[in-house]
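Keep the 3D view open as you read.

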Amino acid sequence: MRPLATAPHWRPSRLLAVAGALALASAAGVAHAFDWQVEVTPAGELFPALQLSQSPRPRAGGFGDGDGLVSVSLRGSDLPRHLRLRIDTPGLRRPVVLEADVEAGAHRVDLHPRLEWDMAWLRTLDATREQPLRLSLEADGVTRTHRVDVRVHALFDAPYYVREGRDRVDLGWAFAGYVDPRDPVVDEILADARRADAGFDRGSDLHRVAAIWAALERRGLAYDAGDPALSRGPVVWSQRVRLPAAVWRDRRANCIDSSVLIAAVLERLGMRALIVLVPGHAFVGYRDRDRAEYFETTLLGARHGRAAADPAANFAAARAAGGARWRRVAARLDGRHGPDYALIDIGTARAYGIIPLGAGERASRHPSEATPAPAGSSRQRGLP
């Protein structure tokens, strides 16, 4: 079964432009008259999780290493030779500044600024917030400003599908951004598993997953049946994904929370982690060459009657239920049944440049400690 197609650097054709053209002219009069247009996608909304989960890279056919979620396009018969764009909005670590030297005779320029979000500010944002995106464009000594009203979503708000007219954009890869093998919670889980199981590092993959499951249950982690959906279209589909620190603190996790957390531990161990999305649900697994195992995380902390939770019995039941569910849905995980069905291969997402949400923050604090590919990851094994 082929994994979910990932296309992190996407730009819609006619998808959701949010600002009309604005004419500019130089101080001398009409020389260098041109129009500019601002696009914020999807749907004029900013999802920091989408931006933080993408590693910077230059975009073909334009200036800047942004992700295309905020773009500025200039059109004119006589464009200025030098441009300086500045963007600011609450929650950025610093205003964005992007400069471009335009080739003589160019009639079109695309600017792709990269917004640098302040993670500390984002962690305080607990709901969608309406705020202005302020832009200034300096061209040949003349500066003009523009304002676009946008909705900034909380860090836990994960968009996974966009549909506008005939356009379809599958963003399921964004869930891989929440899978963070370097999160301190992963260290705690592995430390507990190793304390309880002296043979942890010598065991098979399945043995280690069972030990991780037991560590989660010793913590008291239990399934939370709350509905994580935040939006079910008609344009954007998104859902809440709680960060590991909140899951660990509160000792509760819904299906996507626990799948993301377990996938992070598996990736840290060099295993090829998988997350499967089905209507209203998610479950986790791993693949080792031609063999795969899947686990139904709703059984975390399950109690049978009045008896206390039995980690070994729960793990065996979770393995059986995960395998059975996989067999029921596998035929629909072909990339053609979104947004309800998707297979997210974390290693494939990494190969496409999808990084953990916290990786950029760690790199900014300690440049020499940027998150490397975990041992045994798809990038090191040469997998697609």
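Of the 14 residues of α7, 13 are buried, so this helix is largely enclosed by the rest of the structure. Buried here means under 20% relative accessible area, with exposed over 50% and partly exposed in between (1.4 Å probe, protein chains only). Helices (H or I, at least four residues) and strands (E, at least two) are DSSP runs, numbered from the N terminus. Before going further, please note that this is a predicted model, in which local features need pLDDT of at least 70 and side-chain atom pairs count only at pLDDT 80 or more, while totals for chains, interfaces and linings use all residues. Residues are numbered from 1 along each chain as its sequence is written, and side-chain values use heavy atoms, leaving out hydrogens and water.

Let's stay with α7 for a moment. From its first C-alpha to its last, α7 reaches 20 Å, close to the 20 Å expected at 1.5 Å a residue; the expected span is 1.5 Å times one less than the number of residues. After the helix comes G270, whose phi is positive, near 85 degrees.

Now to the sheet beside it. Four strands form an open sheet in the order β18-β17-β16-β19, with antiparallel pairing; two strands pair if DSSP finds at least two bridges between them. β18 (291–295) and β19 (342–345) are at the edges with a single partner strand each, so one side of each has no neighbour in the sheet. From one strand to the next, the twist averages 25 degrees. Seven bridges link β16 (residues 272–278) and β17 (residues 281–288) in the antiparallel sense, and R272 stands opposite R287 in β17. Two helices pack on this sheet. Helix α5 (residues 205–218) touches β17 and β18, and its direction makes about 15 degrees with that of β18. Helix α7 (residues 255–268) touches β16 and β17, at about 20 degrees to the direction of β17. These angles run from 0 to 180 degrees between N-to-C directions, using lines fitted to C-alpha atoms, for helices over the stretch in contact. Contact means heavy atoms within 4.5 Å.

What about the interior? A nonpolar core is a set of buried Ala, Val, Leu, Ile, Met, Phe, Trp, Tyr and Cys residues joined through side-chain atoms within 4.5 Å. The largest has 99 residues, and L46, L74, L111, L133, L135, I189 and I275 touch the most other members. α7 gives the most to this core, with nine residues. Leaving aside neighbours within four places in sequence, I189 is in contact with residues including I212, W248, L261 and V265. Another core, of eleven residues, lies apart from it, with L274, F283, Y294 and L343 among them.

Finally, look at two loops. D334 lies between α8 (311–329) and β19. D334 is buried, at 14% relative accessible area, and its side chain makes a polar contact with that of H337 (2.9 Å). A polar contact is a pair of N or O atoms within 3.5 Å; within protein, one must be able to donate a hydrogen and the other to accept it, and residues adjacent in sequence count only if both atoms are side-chain atoms. T128, in the loop between α2 (119–124) and β8 (129–139), is partly exposed at 33% relative accessibility. A polar contact of 3.3 Å joins the side chains of T128 and H153.
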